[in-house]
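The following questions and answers examine a predicted model. Please consult the sequence and structure shown here.

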Amino acid sequence: GGAAIATTAGGLPGELKATLVEPLLLPTEILSVSAAASASVHLPYVIQLTCSLPSDKQQLGGAELYVRGEQIIVAPTFEQVAGDLLTRTRPAAVQLTLPPGTLRPGHYQVALIAERASRSWPLEVK
């Protein structure tokens, strides 16, 4: 069964934003998310998402993961496309995989962050 995904306000939480030396280049909006409601510490945890980009001059650069207490923040990050190249479409389909052992057992609230509209869901790690 998939997690119950909710839409939340965009942008990084103030506390986290204040600690970053360089601002993250985030997607404009998280359009859809598919993720499990529970995970095993021994298996990868996969998050599939579709997000919109502010321009066709950006591509996925990776993702940042921040864990504090029972809160997990996942921020897909994008980078500028070099030269005259352009991405094919502004909506980007992305799969993020957290390696086994990344999260400790417990109950978390996951936030997948974008500038305007983020997504959130509960996660139990066993």
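Q: Which residues does Thr 28 contact, leaving aside its neighbours within four places in sequence?
A: In this predicted model, Thr 28 lies in the loop between helix H1 (14-19) and strand S2 (29-35). Leaving aside neighbours within four places in sequence, the residues in contact with Thr 28 are Ser 52, Leu 53, Pro 54, Ala 114, Glu 115, Arg 116 and Ala 117.

Q: Is Thr 28 buried or exposed?
A: The relative accessible area of Thr 28 is 13%. Buried means under 20%, and therefore Thr 28 is classed as buried.

Q: Which residues of the largest nonpolar core touch the most other members?
A: This core comprises 26 residues. The elements giving two or more residues to it are S2, strand S4 (45-52), S6, strand S7 (91-98), strand S8 (106-112) and strand S9 (117-125). Another core, of eight residues, lies apart from it and includes Leu 26, Ile 73, Ala 75 and Ala 111. Within the largest core, the residues that touch the most other members are Ile 47, Leu 49, Leu 112 and Trp 121.

Q: Which residue in the hairpin of S5 and S6 takes a positive phi?
A: Strands S5 (residues 58-68) and S6 (residues 71-80) run antiparallel and are joined by 10 bridges. Arg 68 stands opposite Gln 71 in S6. Two residues lie between the strands of this hairpin, and the residue with a positive phi, near 60°, is Gly 69.

Conventions:
Residues numbered from 1 in each chain as written. Predicted model: local features only at pLDDT ≥ 70, side-chain atom pairs only at ≥ 80, totals over all residues. Heavy atoms only, no water. Pairing = 2+ DSSP bridges. Helix = DSSP H or I, 4+ residues; strand = E, 2+ residues; numbered from the N terminus. Buried < 20%, exposed > 50% of the residue type's maximum accessible area, 1.4 Å probe, protein only. Contact = heavy atoms within 4.5 Å. Core = buried A, V, L, I, M, F, W, Y, C linked by side-chain atoms within 4.5 Å.
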